[in-house]
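Reader: Could you walk me through this fold step by step? I am new to reading structures.

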Amino acid sequence: MFNLNEIKELIQLVDETSVQEVEIENEGSRLVIRKPSKAETVYVQQAASASVATPQAVQAPVTAPTSATPAAAPTTPEVDPSLHTIVSPMVGTFYRSSSPEAAPFVSTGDQVNDKSTVCIIEAMKLMNELEAETKGTIVEILAENGQLVEYGQPLFLVKPE
């Protein structure tokens with residue numbers, strides 16, 4: 001069994017490092033510590049025996065949020081209201097071309113019409129071609145090739161004609 005001081009030391013070590021989770025088994029006891037994004041409970045549980053073990057909870061320290069923006073959160077750039085924004089209609093992987101060897105469908109400065117294919121969004125092994133929706137000029141490409149994109153995430157800015 002782990003004593004409270006050992007658990008506190010382990011929590012502090014995990015908190016001070018980039019380690020996200022630690023799992024330790026010792027003398028029939030198992031301890032799992034996960035770095036919380038908010039307050040999270042860490043359980044210490046006896047290994048399976050003839051009787052059912054009751055978990056003992058130890059409250060993990062609450063860490064103050066950092067000023068850094070999480071990498072997974074897509075950022076919405078400030079957009080000129082005169083520009084048309086092409087957004088992702090689904091969650092998936094953004095591809096600028098039909099294959100790694102092929103040229104991109106569009107580049108900055110290219111002219112497009114409402115039926116021009118601008119990219120592919122792969123979702124659940126299906127390749128979905130995305131059309132420009134408007135006639136104009138590609139001003140900016142907001143997603144990187146191979147990047148996971150969210151529903152409604154801006155992908156292209158088009159200056160309508």
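**Strands, loops and a helix**

Author: Happy to! In this predicted model, four strands form an open sheet in the order E5-E12-E10-E7, and their pairing is antiparallel.

Reader: Which strands stand at the edges of that sheet?

Author: Look for strands that have a single partner strand, so that one side of each is left without a neighbour in the sheet. The strands at the edges are E5 (84-87) and E7 (111-112).

Reader: Which residue of E12 is the bridge partner of Thr85?

Author: Start with the pair of strands: E5 and E12 (residues 154-160) run antiparallel and are joined by four bridges. In E12, the bridge partner of Thr85 is Leu157.

Reader: Now for strand E8. Is E8 largely enclosed or largely exposed, and how many of its residues are buried?

Author: A residue counts as buried when its relative accessible area is under 20%. Strand E8 covers residues 117-123 and is largely enclosed by the rest of the structure, because the buried residues number six of the seven.

Reader: Over how many bridges does E8 pair with E6, and over how many with E9?

Author: Both pairings are antiparallel, so let's take them in turn. With strand E6 (residues 92-95), where Phe94 has Ile121 of E8 as its bridge partner, E8 pairs over three bridges. With strand E9 (residues 126-131), where the bridge partner of Thr117 is Glu131, E8 pairs over six bridges.

Reader: What is the phi of Met124, in the hairpin of E8 and E9?

Author: This hairpin has two residues between its strands. Met124 takes a positive phi there, near 55°.

Reader: And what is the relative accessible area of Lys125?

Author: Lys125 is found in the loop between E8 and E9. Its phi is positive, near 70°, and Lys125 is a residue other than glycine. Exposed means over 50%, and Lys125 is exposed with a relative accessible area of 74%.

Reader: Is Glu133 exposed, partly exposed or buried?

Author: Glu133 sits in the loop between E9 and strand E10 (136-141). Although Glu133 is not a glycine, its phi is positive, at about 70°. Its relative accessible area is 44%, and values between 20% and 50% fall in the middle class. That makes Glu133 partly exposed.

Reader: Which backbone nitrogen does the side chain of Ser116 reach?

Author: Ser116 lies in the loop between E7 and E8, and at 18% relative accessibility it counts as buried. Leaving aside residues up to four places away in sequence, Ser116 touches Leu130, Glu131 and Ala132. Its side chain also reaches a backbone nitrogen at 2.9 Å, that of Asn113.

Reader: Last, helix H1. How far does H1 reach from its first C-alpha to its last?

Author: H1 covers residues 4-16, which is 13 residues. At 1.5 Å a residue the expected reach is 18 Å, and H1 comes close to that with 18 Å.

Reader: How wide an arc do the buried residues of H1 cover around the axis?

Author: The buried residues of H1 are Ile7, Ile11 and Val14. They are on the same side of H1, because they cover an arc of only 65°.

Notes: Residues numbered from 1 in each chain as written. Predicted model: local features only at pLDDT ≥ 70, side-chain atom pairs only at ≥ 80, totals over all residues. Heavy atoms only, no water. Buried < 20%, exposed > 50% of the residue type's maximum accessible area, 1.4 Å probe, protein only. Pairing = 2+ DSSP bridges. Polar contact = N/O pair within 3.5 Å; in protein donor to acceptor, adjacent residues only side chain to side chain. Contact = heavy atoms within 4.5 Å. Expected span 1.5 Å × (residues − 1). Arc of directions from axis to C-beta.
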